[in-house]
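Me: I would like to learn how to read this model feature by feature, with the general idea set out before the particular case. Could we begin with burial?

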Amino acid sequence: MTTPARVERDLPTILGDLAMGPTPEYLDDVFAQTGRMRQRPAWTFPERWIPMADITQERAYTPRAPWRTIAVALVLIALIIGAAIMYVGSHQTKLPPPFGPAKNGVVTYAANGDIFTVDPSSKAVVAVVGGPEIDARPLFSHDGTRIAFLRRHDIGGQTAFDVVVTAADGSGPRVVTTRPIDVNDVVQWSPDGTFLLVATADGEVTKYALDGGAPPQILTQGRVVAGAIRPTTGQILYDPDSTPDADLWIMDPDGTGGRALTPATSLAGGRYDLGLVKWSPDGAMIAFTCARASAPNGSHICVMNADGTGAGPLTTESDDWFETDFVWSPDSTRIAFNRWLQDPATGDTTVQPIGVASIKGGPVIGAGPAPAPEGALFDWSPDGTTLLSLPARFSESTDPAAVAATPVAIDVANGTAQETGYQVSSDVSWQRLAN
Amino acid sequence: MDQRALVERARRGEHDAFTELARDAVTRLDQVARLVLRDPELARDAVQEALIRAWRDLPRLRDPERFDAWLHRLTINACLDLVRRRRRRPIEVEISPIDPPTVADASAAIADRDLVDAAMGRLDPDTRAVVVLHYFLGLPLTEVAATLGIPIGTVKSRLHRALGEMRIAIGSEPPATSPVPGGQVA
């Protein structure tokens with residue numbers, strides 16, 4: 001038996017041996033504390049006292065004092081519309097489309113618990129959100145006018161986060177979420193910027209409207225990953241809890257019409273786990289991670305049409321390659337991804353430069369230097385010419401004392417890399433501007 | 001009484017039911033925490049924190065059938081929170097020299113165990129958590145991703161790297177010393 005096979009075969013037994021220890025005798029301490037502690041009342045969890053059916057269906061408005069409220073609201077709306085028309089008329093602000101190539105703006109990032117922007121050309125850094133709070137993971141809206149980020153607040157010694165939305169200059173911060181989330185939960189903007197979608201690890205997918213009107217809406221129970229919102233229609237890809245296998249489902253933006261787009265078992269070829277799924281920016285294709293029958297523990301990237309047909313591998317790399325963490329180019333013609341190469345003789349894997357492949361086929365181009373052993377965190381510039389790359393392990397760091405890293409700007413055309421000159425301690429997000 | 005009924009009762013605030021659930025789970029949780037943290041004292045703190053939080057937040061758990069998975073997640077999160085909090089302070093570590101094993105047939109299993117132990121020590125806690133959930137608790141990768149709240153691609157890359165360490169450790173000798181300057185985080 002080869003070493004790799006032996007490792008996987010014996011690991012459960014060995015870990016069982018390593019885990020052996022004396023019977024824990026500290027439960028009495030636990031019970032002493034829980035005996036004095038009241039449970040958090042169920043009513044403090046909105047999902048417990050608002051029936052799911054009520055949350056996921058159209059909101060029923062209370063009829064109390066409607067005319068006065070409606071009259072005031074109409075006056076306010078008229079004032080807002082009037083002010084907006086005057087503002088737009090005087091500023092002629094041109095916004096980029098929510099998807100597709102755009103002009104490069106500033107880059108936002110977190111460092112030492114604050115949010116900054118940097119102009120990639122002039123290197124001018126601006127602190128947009130400061131203060132004693134620990135802020136992390138900033139993300140520009142698709143039109144580049146707002147930033148969503150996580151703000152840490154500990155509850156009873158437990159780390160938790162709120163999602164805060166500000167204008168691009170950091171003004172007008174507003175907490176959007178109504179229940180704490182984890183630093184690794186998925187937060188993504190809707191294409192039109194009207195709502196944020198938050199998917200928590202306990203399988204709850206919640207839509208937070210940003211216009212101040214509708215209450216949070218729990219769309220479904222299941223998994224949603226970043227890139228799951230179709231840019232053109234707002235439809236959402238998800239993996240429902242109710243299906244044991246990793247089938248891919250799709251629902252309408254309001255949470256209705258959930259249906260299987262494609263069951264994993266119907267996909268030809270190897271074992272498709274659909275663990276990482278992203279729409280192409282033009283909404284015409286879906287990329288996902290897949291595993292071949294010849295290498296069930298491997299990982300490659302597959303693409304298929306928007307209706308779930310025509311699934312096939314992106315590259316023809318051998319089973320010795322391991323590909324994941326992919327990002328579509330803004331023009332939907334290329335996919336960049338992390339990759340590792342395994343030495344079949346020793347089983348040793350080595351991280352390789354970020355791979356870039358055309359969806360029309362052809363060789364994989366290595367771009368820039370090899371990143372950290374865990375692969376890189378990276379994103380395309382809005383104009384599609386550059387990959388901004390940094391070590392992957394920073395993605396989950398919210399510790400302001402974390403060691404900072406210098407992002408590397410990789411020219412996709414020739415693969416050359418250049419250090420950006422500023423340091424970050426979280427992933428980065430690039431602002432889109434109108435051309 | 002079956003676990004579902006116990007969870008239902010505990011959710012209604014019955015301490016006896018929670019006590020029974022905790023007694024059933026504590027050994028497994030302690031093992032998970034010790035594998036992730038590699039420190040019995042820290043593991044105890046993590047499990048205590050997880051169980052206290054489990055009691056406090058039990059009314060939040062919608063599906064009693066998910067109790068075990070939920071408890072595993074609380075435990076892993078408590079472990080990783082402890083690690084993150086300790087990163088803010090200097091960590092005293094003890095570097096134990098690892099003797100190359102003399103692998104004879106009778107002692108091969110013990111040698112493998114020691115080598116895997118050393119390889120686990122070289123992994124960061126987040127990666128160890130993936131290994132423990134998948135290979136010790138036997139969770140499928142999708143469940144590991146859901147438990148840790150990370151993309152499955154990240155789970156796979158971490159597992160891939162971890163297995164690489166194990167293969168190097170078992171397949172070649174002598175094992176490399178810790179690449180972490182100053183030793184490995186206990």
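Reply: A residue is called buried if 20 or more other C-beta atoms lie within 10 Å of its own. In this predicted model, 42% of the 435 residues of chain A count as buried.

Me: Where does A:A295 lie, and is this residue buried or partly exposed?

Reply: A:A295 belongs to strand 17 of chain A, which covers residues 295-305. Because 17 other C-beta atoms are found within 10 Å of A:A295, this residue is partly exposed. A:A295 and A:S318 are separated by 23 residues in sequence, while their C-alpha atoms are 9.7 Å apart in space.

Me: How much confidence does the predictor place in chain A?

Reply: Where pLDDT is low, the predicted coordinates should not be read in detail. For chain A the mean pLDDT is 80, and 82% of the residues reach 70 or more. The pLDDT is below 50 over residues 46-62 of chain A, a stretch that has 19 contacts in the model beyond near neighbours in sequence. Residues 266-272 of chain A also have a pLDDT below 50, and that stretch has 15 contacts of this kind.

Me: Which residues have the most contacts inside the largest nonpolar core?

Reply: That core has 144 residues, and those with the most contacts inside it are A:A336, B:C79 and B:V132. Helix 2 of chain B (residues 15-37) contributes the largest share of the core, with 12 residues. If neighbours within four places in sequence are left aside, B:C79 is in contact with B:A33, B:V36, B:L37, B:A46, B:P125 and B:A129.

Me: How many residues of helix 6 of chain B are buried, and what follows that helix?

Reply: An α-helix has 3.6 residues a turn, so residues three or four places apart point the same way. Helix 6 of chain B (residues 125-136) is mostly covered, with 11 of its 12 residues buried, including B:D126, B:R128 and B:V132. Just after helix 6 of chain B comes B:G138, with a positive phi of about 75°. In helix 7 of chain B (residues 141-148), the buried residues are B:V144, B:A145, B:A146, B:T147 and B:L148, and the helix is followed by B:G149, whose phi is positive, near 70°.

Me: How many residues of chain A are in contact with chain B, and how many of chain B take part?

Reply: The contacts involve 61 residues of chain A and 57 residues of chain B. Helix 1 (3-19), helix 2 (27-36) and strand 19 (321-328) of chain A each supply at least two residues of the side that touches chain B, and helix 1 gives the most, with 14 residues. Sorted by class, this side of chain A has 25 nonpolar, 20 polar and 16 charged residues.

Terms used:
Residues numbered from 1 in each chain as written. Chains lettered and ligands numbered in written order. Predicted model: local features only at pLDDT ≥ 70, side-chain atom pairs only at ≥ 80, totals over all residues. Core = buried A, V, L, I, M, F, W, Y, C linked by C-beta atoms within 7 Å. Helix = DSSP H or I, 4+ residues; strand = E, 2+ residues; numbered from the N terminus. Contact = placed C-beta atoms within 7 Å. Nonpolar A, V, L, I, M, F, W, Y, C, P; charged D, E, K, R; others polar. pLDDT = per-residue confidence, 0-100.
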